[in-house]
Amino acid sequence: MLLKKTRGLCPICRKVLDAEIFEEDGKVWIRRTCPEHGEAKNLYWSDAEMYRRFDAFERIGTGVANPQRDATTDACPTACGLCSNHRSGTLLANIDLTNRCNLNCSFCFANARACGFVYEPSFDQIVEMMAMLRNEKPVPPPAVQFSGGEPTMRDDLVEIIKKAKELGFSQVQVATNGIKIAKDPQYVQKLKDAGLSTIYLHFDGVTEETNPILQTSQKVVEYCEKTGMGVVLVPTVINGQNDHEVGAILKYAAEHIKVVRGVNFQPVSFTGAASEENLKQERVTIPDLADRIEEQTGGIIKKEYFYPVPCVMPISDLVEAYTGKPVVRFTTHQHCGAATYVFVTEKGLVPINEMVDVDGFFDAIGKMTETMKNGGTINKYRALLEGVKDMGLSAAKGDHANGSQFYKLLGKTLISQNFDALRDFHWNALFIGTMHFMDNYNYDLSRVQRCCIHYATPDGRIIPFCTYNSGPVYREQVWKKFARDRVQKE
C-alpha cells in the first residue's frame, strides 16, 4: 500500500530519483528505480503501525528567515545550505573541530587515517562558524556540539568552549570517546569551568565484548560525577552486535542518575559501502530499538511510550503565545527520532507515561495556547490557571502517585515563570531518545528538508546532518577543501 511519494537516492550512484514509501508485510519500505542500476527496495521502518502513529504528529515548519541560498524546489540536496527549501531552523549545531582521532571505529563517519589528510579549522574559523550560527533568524540555535574526529585532541578546546558561551549558546556539548578525559581527572573540571554543559559519551555497551573501552567509559562517568558534569550516553546500536544490551545500558544509566542525564541511542547508518547481507543482518530501525527496550526492561518501558520529536510543538506554541516572541520549534520529521522520559526512584524506573496522561497533557497545553491568543495579560494568566487545572486532571488519570507532584511542579513553573523549579525534574528524570540518521539506502528528501541538526562549515554554510554525512556527503567536500596536512602512513 502506497503511503507517500518522495525523492530518494540510488544507493550505488547517489542519483536523485523519484521514490515511493509503501507498506508491505507490516513494514514500511522505500523503493526507487535508477536508469543505470535498476530498482532498489530497502527497509524504511520495521513497524507500519508505529509509523502511522508517528505520522499524526507531523508539523512542517517555515524554515529560517535568512536562508543562505535561494534554490529551486528540485535542487535538494545539492543546494545546501541552508537553502530556501529547508523547513526547519537549527536546534543543535555541530562543528567538526578535527578529523584526528585516537580510535579507529569501523562505523565512524570520520577518520583522518582513512582520509589521508588532516581537517582541523583554526580557532578564528571556528569562531566565525559560531557567529554565523548565532545570526540565524528568527531564532538562533540554542545548542552547539563540538564533534570530529575526537574534539579533545585539540589543545584549544577549553578556549573554544568559553567562546561558545560568550557568543550566547546556552547548551555546549562535546561528543567524545572519553580517552583523554579518563587519563586526566582534572580535565573535566577545566571543561566545566569553561562552560561545558554536557559530555556526549560514546558508550556502546556494558561488557568489553560490546564496548572495548568500557573501563575508560566508566572512569569518565566517575570523574564527571565528582565534578557535577552532566553526561549523555550515546550507543551506536548494531543488530547482532550490541542490540542485546540496550536494557543493560539503561540500567547502568539509572544506577548513575546523579550524573547521567540521558541515553541517546543511534541505530547504525551505513555511510560507506554495504552489502545486502550487511543491511539484512545489521540494520536496526527505531521500532526495532523500541521493541528491544520493552523486552529488555521487562515491559517497564513500553514501545507505545515513545513519541516523535514534533510532539513537543504544543509547548513551543504556548511559550510563543505567552511571550509574544519566536522560540525554537521542533519541526524535525516525525520519523527521524523518538523519545520518552523515565523517573529513577527507590522502587525502580517509573515511565512518565504511567505518571501522567501524556496525550492529555499536550491537549491541555493546546487549550492554554488557544486561550492566550485572545490577547491581554488577564487572559494569559487565566489561561495558565485553567491549563494547570486541566493538567492536574490528566495527572489524575495516571497510574502513579507521583504524577500530581510533577504537575504541581510544572504548574508552579508556568504561573511564576520561574523555570529553575524544573531543574529538580531534569535531575531525577532520565531522558531516553533515539535518532536514526539516514544513509543512501533509506534516504528520504522530505526528511532532509526538515532536519533540525545541522553542521556549520568554514565556507559559511549550514548543512543538514544527513546530507553532510550521506547522500552528496558534503563532509568529504568540506574536509578536502580545507585540508591542512597529509597523514603519515604508519
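Let's start with two residues: Trp45 is buried, and Tyr51 is buried too. Buried here means under 20% relative accessible area, with exposed over 50% and partly exposed in between, using a 1.4 Å probe and protein chains only. This is a predicted model, so local features need pLDDT of at least 70 and side-chain atom pairs count only at pLDDT 80 or more, while totals for chains, interfaces and linings use all residues. Residues are numbered from 1 along each chain as its sequence is written, and side-chain values use heavy atoms, with hydrogens and water left out.

Now the rings. A pair of aromatic rings is described by the distance of the centres and the angle of the planes. Rings of Phe, Tyr and Trp (its six-membered ring) pair if their centres lie within 6.5 Å; planes under 30 degrees apart count as stacked, over 60 as edge-to-face, the rest as tilted. That rule gives twelve aromatic pairs. Trp45 and Tyr51 make one that is edge-to-face, at 6.2 Å centre to centre and 80 degrees between the planes. Tyr455 and Tyr468 are stacked, because their centres are 3.9 Å apart and their planes are at 15 degrees. This pair links distant parts of the chain, 13 residues apart: Tyr455 is in strand β17 (residues 453–456), Tyr468 in helix α18 (residues 465–469). Tyr455 and Tyr468 are both buried. There is also an aromatic cluster, made of Tyr44, Trp45, Tyr51 and Phe54.

Next, charges over rings. The criterion: NZ of Lys or CZ of Arg within 6 Å of the ring centre and within 35 degrees of the ring normal. Lys41 has its charged end over the ring of Trp29, 4.7 Å from the centre. Arg53 does this with Tyr307, at 5.5 Å.

The whole chain, briefly. We have 19 helices and 19 strands. These are DSSP runs, helices H or I of at least four residues, strands E of at least two, numbered from the N terminus. Of the 490 residues, 56% are buried. Take contacts, meaning heavy atoms within 4.5 Å. Among those with a separation of 6 or more, 69% join residues 24 or more positions apart.

On to packing. A nonpolar core is a set of buried Ala, Val, Leu, Ile, Met, Phe, Trp, Tyr and Cys residues joined through side-chain atoms within 4.5 Å. The largest has 72 residues, and Ile293 and Ile432 are among those with the most contacts inside it. Another core, of 24 residues, lies apart from it and includes Phe437 and Cys451. Beyond four places in sequence, Ile432 touches residues including Leu250, Phe265, Ile293 and Val342.

Which residues of α10 are buried? They are Ile286, Pro287, Asp288, Leu289, Ala290, Arg292 and Ile293. Helix α10 spans residues 286–296 and holds Arg292. Why is Arg292 called buried? Because its relative accessible area is 17%. Outside four places in sequence, Arg292 contacts Asn239, Asp243 and Val246.

Last, a loop. Asn440 lies between β16 (429–435) and α17 (445–448). Asn440 is buried, because its relative accessible area is 6%. Its side chain reaches the backbone nitrogen of Gly471 at 2.9 Å. Asn440 also touches residues beyond four places in sequence, including Leu9, Arg14 and Ser470.

Note on methods:
Polar contact = N/O pair within 3.5 Å; in protein donor to acceptor, adjacent residues only side chain to side chain.
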